[in-house]
2 protein chains.
Amino acid sequence: MTWQQIAAEKKSRQLDSVPKEWLSSDLPSAEALNVIDFPQESNVLSALDLEITESSVAGLLSNLALSKWSAVQVTTSFYKRAIVAQQLVKIFVDRALARAKTLDEHLKTTGQVVGALHGLPISLKDQISIKGIESTIGTIATIVPMFFSKMCSGYVSLVGQFAEKDSVLVDILESLGAIPFVKTNVPQTLMWPETFNHVFGRTTNPYNRSLTSGGSSGGEGALIALKGSPLGVGSDIGGSIRIPSAFCGVYGFRPSYNRIPYAGCVNSLEGEDSVLSVLGPLSNTLDGIKTFYKAVLSKEPWLKDPMVIRKRWSDEDYNLIDHGNGKKLCFAIMWDNGGSCTPPSLIDWVPHNSAEMTKTIGAIWNAGAAEDFEKATAPSGEPVIASMGLLQEDEAPLFRPSSAGISAFELWQLHKKKRDLRQEYLKHWEDTVSQTGTGRPVDAIISPIAPHTAGPHGSMKIGSYTMWLNLVDYPSMVIPVSQVDPALDVKQPREEFYSTEDQENHELYNPATYENAPISIQVIGRGGEEEAVIAMSEIVDEALRVAKSKL
Amino acid sequence: MTWQQIAAEKKSRQLDSVPKEWLSSDLPSAEALNVIDFPQESNVLSALDLEITESSVAGLLSNLALSKWSAVQVTTSFYKRAIVAQQLVKIFVDRALARAKTLDEHLKTTGQVVGALHGLPISLKDQISIKGIESTIGTIATIVPMFFSKMCSGYVSLVGQFAEKDSVLVDILESLGAIPFVKTNVPQTLMWPETFNHVFGRTTNPYNRSLTSGGSSGGEGALIALKGSPLGVGSDIGGSIRIPSAFCGVYGFRPSYNRIPYAGCVNSLEGEDSVLSVLGPLSNTLDGIKTFYKAVLSKEPWLKDPMVIRKRWSDEDYNLIDHGNGKKLCFAIMWDNGGSCTPPSLIDWVPHNSAEMTKTIGAIWNAGAAEDFEKATAPSGEPVIASMGLLQEDEAPLFRPSSAGISAFELWQLHKKKRDLRQEYLKHWEDTVSQTGTGRPVDAIISPIAPHTAGPHGSMKIGSYTMWLNLVDYPSMVIPVSQVDPALDVKQPREEFYSTEDQENHELYNPATYENAPISIQVIGRGGEEEAVIAMSEIVDEALRVAKSKL
């Protein structure tokens, strides 16, 4: 079979697995760009389905524990909504209702929930492995069959290669009572900030289908924005949780290295240990993020994945003991990083070595990426994708592999550079103690996620607002704020630019094209301060809610 | 100047810095192999000097805080003993009495100690940088002058290159009231388990000068055994704290990666981030180890070194909450790792993948080591040392660079191998739950540090008892047990061997050669369990004390 045939066969198999009664027959026309409200308007979802899928994670868990809603009901509702969503934005689902039934029976019989995530459907970025009944080795070892199909990093060559066992995170989520229920789309190689591959095609932005969903966790971003999943898990090596979260208007959290177990997942650039990819949650509510993070740590993941740091959830950190107990916090706003943001942007952090950090992380990825991509595409003959543009003939952005690779000794020199950049940034942060008036350095930084909102497909080329955080390893929470309003967010005339890149970015913006694109910020803390970042994000989120209510 | 002239000039400068009244005039003859008691017998140390230098760390800190002994007195006593020690085992010292005086005045004036290590002299492995008054850039920025000279990883090319600032650990130790007072010898390249270099020569074993002190922290091991320092800091990338601790009969602790700040130190293989070198303490008492570890963490080193994990000292972990509160602990003894130990060895841990782990860590070091060593020796013309033997013509051991280097992509493949080995070992440990009867997996492993005690110079070629722990990143505490007694530790006849290496190791042993060599064990815990390993080591140490008292 050619790679095109393999991809077509896989796509067809995927579509056949969807129950026909869950498909909507009155899809919006291709001209309709904003489809965010379509699930409510479709003929598929009942009033109860809508009530369930519009609930917060806390609301869902509470009603599940009280047996007001069964796990089967909740999972079914999210399936229906996810499948409607899939028809619009190319998300790919299967089901796990048998597991939901088991959970319902357990609660009925014992009166006890299985764990902190009892009955909660959870969507997973496609690289997070689940042992499936479709496995070519023919064994079924999970408690109940699941119909997940495995797409593996967006490579055609991985179609048909079913995981032999669950990833550690899936084991932990199931032990907590969660129901992994869909896997979501990714770009080929995973190393793109948009989402397109040769198997399932493109994931678009539900607020404006002419715009990108971001990537590489673009399937998660779009699905959660459409409320087809209450909680999802993505991965982030340069912005891959934060960019789709921001572009799709949902909450998304990049924890520090080695906190959430990654063992057993499929990945691109495997063995690239210099800048680690991390798993993290996406959700429509901050409580979903906190619930996920705290629940996973409660299962002592360091006893299942040797890379995970032995470190429990800290109520002290969550109560901001290192931040004046949360009183008189001082946030720094990073307006831009030396390449200004198109409107609407956000509200003085002095950026430091931004270009150097972006360059170093790019060089680390490139150390072996070309050979990695070549080895992954060679078995099927699939070409390596050179652009996320609609025509796929745009120039490749700077972060694509630009060299055939370097030696291990040369990579060690990059590690020294990385270490020195991290040391300088720590000092940069510590030195703010002279400006805050609190006796502490700045508590957190508030920053854009990109120098623009979601843009047209293939336009996302500047990773410098997210990538530096992967290099210094700071946790970051994306918080949705608003949406582009062409009447309000007019193009500001500018005469001076930081750089050619900055000018090109400015010229790209026009209010009509970006209509309805979500606007978001990220709240950035210091390495290992996950709990404090969650707490400070709650404070920022509440302040935004109050401010918006007064508009 | 030739590299020989540079080295000779440096050594002469070093000797000139020692006050003549602290030199002993009645050195033992070259035939005297066991010199461990010489400091007591020399004409240099007073009764008070002896009382001070024979005290535990807890005893020293208590008498310093009570002003029974001044910091100047304590530091002077240790200097005198260290300098006597240096004459025997080639340790290299300087002084910091002015700092001791400042501490004494602070205590007298305020009635308060400066910190948890008030007045305690601390020895440092030579790679731990201290800003010195001899600096070629001519500035003195430490509070008081210190006369430390910098030898930097045992390379001639680094003589005369003085550190521009203190390493983070030195800053922290000084903020705790400690007095860094000597720097100690290392092998060229640091990547040897013995201690010899072209500048200062060889550090021998004080219990038997025909035997090695171990390495690469051999200067620390020998100095502390001679009680020329109450507490020292070494580094460990493959056994470099544990081997000299074991061979010299002192306590030594290898913590997990990124707990003790390494920033600002000189190093070999810089940028080799796959298997991280760690700093850790050596002492004559376990309380010294615990005091150091807890005190350093109390200063939040993650705010000074970006690589340090944000993780406080845990009393819960120290109280063994994950180990049945310390009741009914189950230890596993690893008798050997598939290459049996010459007597005396220790008193059933099943080794797992031992050879594969040793091979993988060796391949990671070799990825860029040849180029690293070449670049470090080229400026002076000094040759790379090929053997630690007295004649330097022995065959190089297996862990010396055996290749010109590999590509970054090839290194990534080694990282996958390393990850898989760590995952397998975690399962191997977890699976012991079926054998312990405690409901928990084994609490700790007790193991040899090498398949022999300290041997003749140049004989230390098997790193497989220590290197695997650097790969899986488990904390390990070395505990001294006994010494070789030729009457007791006779050679056991053996007919069958695991391997040629095993047979060679067996043949090397004879009781007379190894007379008086210290015998030690290591107590091994799981990643991140530093506090629990300290607590379990206290239990083992006490059990050994009781057992010995009944002999």
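A word on the ground rules. This is a predicted model, where local features need pLDDT of at least 70 and side-chain atom pairs count only at pLDDT 80 or more, while totals for chains, interfaces and linings use all residues. Residues are numbered from 1 along each chain as its sequence is written, chains are lettered from A and ligands numbered from 1 in the order in which they are written, and side-chain values use heavy atoms, leaving out hydrogens and water.

Let's start with the active site. An unreviewed UniProt entry puts that feature at A:Lys125, A:Ser216 and A:Ser240. These residues are spread over 116 residues of sequence, but they cluster in space, with a largest C-alpha distance of 10.7 Å. UniProt positions are in the numbering used here, feature names are shortened, and annotations may be inferred rather than shown by experiment.

Where does A:Lys125 sit? You'll find A:Lys125 in strand β2, residues 121-125; strands are DSSP runs of E with at least two residues, helices are runs of H or I with at least four, and both are numbered from the N terminus. A:Lys125 has 0% relative accessibility and counts as buried (buried is under 20% relative accessible area, exposed over 50%, partly exposed in between, with a 1.4 Å probe and protein chains only). Leaving aside neighbours within four places in sequence, its contacts (heavy atoms within 4.5 Å) include A:Ser216 and A:Ser240.

Next, A:Ser216 lies in the loop between β7 (208-212) and α8 (218-225), and this serine is buried too, at 2%.

A:Leu190 belongs to the loop between β3 (179-184) and β4 (196-197) and is buried at 5%. Its backbone oxygen lies 3.3 Å from a polar side-chain atom of A:Ser216. As for A:Ile237, look in the loop between β8 (231-236) and α9 (242-248); this residue is buried at 10%. Beyond its sequence neighbours within four places, A:Ile237 is in contact with residues including A:Met191, A:Trp365 and A:Asn470.

Finally, helix α10. Residues 286-298 make up its 13 residues, reaching 18 Å from first C-alpha to last. Among its buried residues are A:Ile289, A:Phe292 and A:Val296. After the helix comes A:Glu300, with a positive phi near 45 degrees.

How values were computed
The expected span of a helix is 1.5 Å times one less than its number of residues. A polar contact is a pair of N or O atoms within 3.5 Å; within protein, one must be able to donate a hydrogen and the other to accept it, and residues adjacent in sequence count only if both atoms are side-chain atoms.
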